[in-house]
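Please review the following briefing alongside the model.

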Amino acid sequence: MQTLTITTPDDWHLHFRDNEMLAETVPATARCFQRAIVMPNLVPPVVNAAMAMDYKARIEAARPVGSSFEPLMTLFLTNETSVQDIVDAKKAGVTACKLYPAGATTNSDAAVKGIKALYPVFESMQEQGLLLLIHGEVTENHIDIFDREKVFIDTHLTQITAAFPELKVVFEHITTADAAEFVAQSNEFVAATITPQHLLLNRNDLLVGGVRPHNYCLPVLKRNTHQKALRDMVASGNKKFFLGTDSAPHAKHKKENACGCAGCYSAWSAIELYAEVFEQLGALDKLEGFASHYGADFYGLPRNTTTMTLVKENWDVPEQVTLADGTDMVPFYAGQTLQWKLKSAFQSA
Ligand code: DOR
Ligand code: ZN
């Protein structure tokens, strides 16, 4: 039987949510990931070091017994974020700050309205060595939703990376050829995460034959030429591109709704989905770099020392999962058959 053993991976972008939801989401990720960058878009958002450390403790308390999973915490930037917040965050052990343009996505109303006004904060992050993680979409009504990433690059990202050439910037969940090209051509302080859905799907998978709410996320799926550009990039083994699932759980009734929420809950099948992509690309040898090496290297953290083994064996992603309070959630790829299955994790190398 075919097996694949790689260094234990990390997830450089996900959403755990809070409270009761943690009993579902933390074990799902800790089943095979050693670390994860935890998004701060709670209600209210995680805007300072004290909130981040309290949230970290709640996540740690939800780990399965014996798990050494490590949440890496982030602050949600607002126009009230101060240089002192950055200094305090660094001291407390916060890893990065997340920039959401206001209104860009789930729970982002409190986010940044004037990016230029945040430049003193970026300056301090550059000094302190905190990373800047960016949801790269403009939110102006007149900009077409399929163009919002490209317009963000042209109107904001180019300026930010030019003004702060040594600020580590992660362009999160990129969806376009334009973004892939921008990151590839930027200096070594600019990298990107790519989700399983943006590698596996394009906008036909959202809209042809009926609206598929469980494939709806932000940035929205793009046309297949963009999907191909992302696939070509990961197949090339470029070190600036690494794994970030953007696993983002929502209750089933909030996705299957007249105004459905954005987000794909992929944690239970994420590493298997990426394996499927890399196999389709004939690039299984590039999975380890993408999933387990390049992210840690970019963040300046040690690579994991244990390994994980996947086995080539068909299994079906469950149709739904039910939380302790009875809430149903539909995982990404629900009911579909995957070819790679997690066999064992956290093996001593
Ligand atoms: O689809 C998304 N869901 N994109 C985001 O940027 C946020 C996320 C969420 O929090 O649900
Ligand atoms: Zn996200």
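In which loop is Pro44 found? Pro44 is found in the loop between β3 (35–38) and α2 (49–61), where helices (H or I, at least four residues) and strands (E, at least two) are DSSP runs numbered from the N terminus.

This is a predicted model, in which local features need pLDDT of at least 70 and side-chain atom pairs count only at pLDDT 80 or more, while totals for chains, interfaces and linings use all residues. Residues are numbered from 1 along each chain as its sequence is written, chains are lettered from A and ligands numbered from 1 in the order in which they are written, and side-chain values use heavy atoms, with hydrogens and water left out.

**Ligand 1**

- Ligand 1 is surrounded by 14 residues, each with a heavy atom within 4 Å of the ligand; the closest are Arg17, Asn41, Leu218, His250 and Ala262.
- That shell comprises 4 nonpolar, 8 polar and 2 charged residues. In this scheme Ala, Val, Leu, Ile, Met, Phe, Trp, Tyr, Cys and Pro count as nonpolar, Asp, Glu, Lys and Arg as charged, and the others, Gly among them, as polar.
- A polar side-chain atom of Arg17 lies 2.7 Å from an oxygen atom of ligand 1.
- A polar backbone atom of Ala262 is 3.0 Å from a nitrogen atom of ligand 1, and a backbone N or O atom of Gly263 lies 3.3 Å from an oxygen atom of the ligand.
- The protein buries 100% of the 290 Å² that ligand 1 exposes when taken alone, with areas from the Shrake-Rupley method and a 1.4 Å probe.

**Zinc ion (ligand 2)**

- The protein donors of the zinc ion are His13 (NE2), His15 (NE2) and Asp246 (OD), at 2.0 to 2.1 Å; donors are N, O and S atoms within 2.8 Å of the metal (3.2 Å for Na, K and Ca), and water is not among the atoms, so sites may look incomplete.
- The spacing of these donor residues in sequence is H-x1-H-x230-D.
- His15 lies in the loop between β2 (11–14) and α1 (22–30) and Asp246 in the loop between β9 (241–243) and α10 (252–255), so the pair ties together parts that are 231 residues apart in sequence.

**Backbone geometry**

- The peptide bond from Val43 to Pro44 is cis, with omega near -5 degrees.
- Leu218 and Pro219 are also joined by a cis peptide bond, with omega about -5 degrees; Pro219 is found in the loop between α8 (204–207) and α9 (224–236).
- Asn19, in the loop between β2 and α1, has a positive phi near 55 degrees although it is a residue other than glycine.

How values were computed: A polar contact is a pair of N or O atoms within 3.5 Å; within protein, one must be able to donate a hydrogen and the other to accept it, and residues adjacent in sequence count only if both atoms are side-chain atoms.
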